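This report looks at how one protein chain is divided and how two of its parts meet. Have the sequence and the model at hand while reading.

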Amino acid sequence: MSDAVQVSARVSAVHDDIVTIRLLKDEDGNFYPIIKNEVVLVCPQRTNSEFQEKLQAEVLRVRYGEADVQVFENTRGVAVGDAVEQTGEMLSVALGPGLLGQVYDGLQNPLELIAGQQGFFLPRGYAVDGIDAQQHWSFQPKVKIGSTVRAGDLLGTVQEGRFEHRILAPFNLRGQAEVSWVQEGSFTVTTPVVRLSDEAGREREVTMQQSWPVRIPVNRDLLREGYSERLFPDKPLQTSIRLIDTFFPVARGGTACIPGPFGAGKTVLQSLISRYSDVDIVVIVACGERAGEVVETITEFPNTPDPRGGTLMDRTVIICNTSSMPVAAREASIYTGITISEYYRQMGYNVLLIADSTSRWAQAMRETSGRLEEIPGEEAFPAYLESSIRALYERAGVVKTNDGREGSLTLIGTVSPAGGNFEEPVTQATLRTVKTFLGLSADRAYKRAYPAVDPLISWSRYLDQLSPWFEKELEPGWTERVHGLLKLLKQGESVQQMMEVTGEEGVTLDDYLTWQKANCLDQVYLQQDAFDPVDVSTPLARQQVLLTLLLKCLRELPPLADKAAAREYFVTLTGLMKNLNYSRMDSPDYRHYLQEIEALRGGKRSAA
Ligand code: ADP
């Protein structure tokens with residue numbers, strides 16, 4: 001932000017982090033113009049800090065001659081009459097090489113760097129470059145002098161870790177521009193590498209970094225101009241978690257919600273999804289966690305091995321806010337994460353964003369709305385809660401980039417409903433927005449049935465939407481088969497309820513078999529052991545093999561005379577199938593268990 005001091009307003013009231021400012025007039029007697037969402041700097045005069053603190057704030061509401069701004073930091077010592085400077089910019093993030101592997105706070109301050117310099121969190125009034133301005137990157141131009149480019153076109157590349165980072169023409173470039181100069185070599189992100197001359201003949205220097213306002217989709221103008229297109233999500237995100245991929249799939253570029261009562265395995269599930277999903281880049285927004293958990297994330301995550309080699313951190317960006325950070329920064333963090341995700345999507349990468357938790361983000365919005373004295377909606381959340389949630393998830397999707405690549409942004413948000421009450425407004429609005437719901441249940445977690453996603457309350461609209469993909473890539477009839485198995489689970493549950501009343505004797509052998517089959521499907525297929533090196537991840541191809549085998553076993557039962565025989569049979573079958581899951585597919589063990597299962601089915605191996 002520029003150092004030129006232009007005091008254009010003064011503080012007239014302070015209410016927690018909401019500060020009202022009175023605009024000053026210029027020489028012509030007009031108020032200095034101010035726009036909503038602009039960033040201003042509040043400069044407290046009466047603090048004993050050694051330097052002039054400048055507190056970042058965002059304009060929330062503008063009235064005649066006055067505005068309400070939300071300060072991203074503690075407003076201790078801010079007083080009436082304090083100077084306010086305008087930046088003329090909206091709340092923005094720096095986009096460029098060097099984002100991967102970073103841990104930021106909601107305003108893109110790199111936490112690790114600060115941890116080294118200042119202790120874990122930033123003293124008030126400090127801002128650190130989001131992208132290291134000292135580091136050099138080897139720029140390979142992909143344009144020549146005389147080339148014409150439009151917003152979002154490829155200008156050149158640099159190698160960022162294991163990724164080719166594509167430097168794109170500024171997203172706010174209007175119309176066509178001609179490359180009037182370009183240089184190749186090793187530069188910092190603030191060194192001009194290309195000069196563009198626009199239709200009006202204006203020259204513009206372009207660096208490897210650009211800044212973009214977080215509340216506006218990166219591709220807004222590109223889509224409007226038709227340079228880039230939105231595509232229909234038609235492929236699944238392959239998480240290698242059987243229960244998700246087979247029963248409750250999430251599309252690549254789709255949306256999903258995970259609600260989690262405390263201790264139901266939300267953290268483990270999120271980390272499995274980020275580790276094993278077939279995406280290039282993972283962005284994690286940890287919003288409003290306790291400081292201890294945040295520090296844990298920062299210290300643990302970098303060392304998590306990536307199944308594709310290296311560590312997971314090499315292809316991850318973390319945005320982290322503790323519940324002790326000011327509300328406004330918490331509210332902003334989700335947008336910061338989405339904007340960074342969209343940036344990599346626009347290069348043609350598959351990005352996964354996990355937002356944990358959107359409830360805390362919504363609570364931040366509620367606090368702000370309360371301080372602005374807006375008319376409250378349900379449970380004091382603002383009336384625009386649902387449209388804000390919708391707008392957030394709408395930024396997910398698949399796009400065709402300017403040069404015809406396909407990129408995706410899959411958004412998985414967790415909600416943390418107080419007391420596990422799914423009726424509360426944030427969960428309800430989220431459920432009306434997302435297309436997959438993975439309902440973690442405390443009950444299943446208590447029974448150690450992991451992942452503790454309850455198949456009876458979960459749903460996915462993608463199961464049918466992606467049906468053409470499954471039928472083509474796996475086999476015809478796949479979707480129907482899955483629906484059939486979901487039905488079996490429901491039937492099993494009703495037999496279970498019956499048996500709770502009448503005992504085993506009260507149900508028919510047929511019903512008892514249904515219950516046993518459902519139970520076997522649950523234990524063998526839905527449950528998956530995150531702590532077994534093989535079972536932790538089942539690629540889709542293996543899921544298909546397992547599902548086919550399991551279906552065969554459930555459909556063609558050997559003669560079972562009574563419930564005792566049935567029980568024995570299923571105990572043995574379940575045990576063998578579990579051992580199969582723990583064996584690598586190319587191993588002697590796998591072949592051994594397969595033979596055992598065949599022998600059992602043929603009555604050649606005695607049960608139990
Ligand atoms: P939460 O974040 O919901 O409070 P965690 O994700 O930390 O809960 O999970 C709590 C415990 O449950 C873990 O420490 C682990 O022992 C167990 N657990 C959770 N998910 C799994 C899983 N997929 N496989 C095996 N154990 C799990």
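## Domains and their contact

The centres of domain 2 and domain 4, taken over C-alpha atoms, are 33 Å apart. This is a predicted model, in which local features need pLDDT of at least 70 and side-chain atom pairs count only at pLDDT 80 or more, while totals for chains, interfaces and linings use all residues. Residues are numbered from 1 along each chain as its sequence is written, and side-chain values use heavy atoms, with hydrogens and water left out.

The domain assignment of the protein chain gives domain 1 (7–89), domain 2 (94–117 + 232–460), domain 3 (136–208) and domain 4 (475–602). Such bounds come from an automatic or database domain assignment.

Where domain 2 meets domain 4, 19 residues of domain 2 are in contact (heavy atoms within 4.5 Å) with 25 residues of domain 4. The two domains bury about 1900 Å² between them, 63% of it on carbon and sulfur atoms. Buried area is the accessible area (1.4 Å probe) that two parts lose on being put together, summed over both.

There are 2 salt bridges between domain 2 and domain 4. A salt bridge is a side-chain nitrogen of Lys or Arg within 4 Å of a carboxyl oxygen of Asp or Glu. Arg-242 forms a salt bridge with Asp-535, with 2.9 Å between the closest N and O atoms.

On the side of domain 2 that touches domain 4, the elements giving two or more residues are helix H3 (242–247) and helix H4 (266–276). Helices (H or I, at least four residues) and strands (E, at least two) are DSSP runs, numbered from the N terminus. H3 gives the most to this side, with 5 residues.

## Regions listed in UniProt

UniProt lists residues 49–88 as "domain: ATPase F1/V1/A1 complex alpha/beta subunit N-terminal" (unreviewed entry). UniProt also places "domain: ATP synthase A/B type C-terminal" (unreviewed entry) at residues 468–552. These annotations may be inferred rather than shown by experiment.

| Region | Helix | Strand | Distance between end C-alpha atoms |
|---|---|---|---|
| Residues 49–88 | 0% helix | 52% strand | 26 Å |
| Residues 468–552 | 73% helix | 0% strand | 24 Å |

## Backbone details

A cis peptide bond joins Asp-356 and Ser-357, with omega about -5°. Ser-357 is in the loop between strand S22 (350–356) and helix H7 (358–371). The peptide bond from Tyr-450 to Pro-451 is cis, with omega near -10°.
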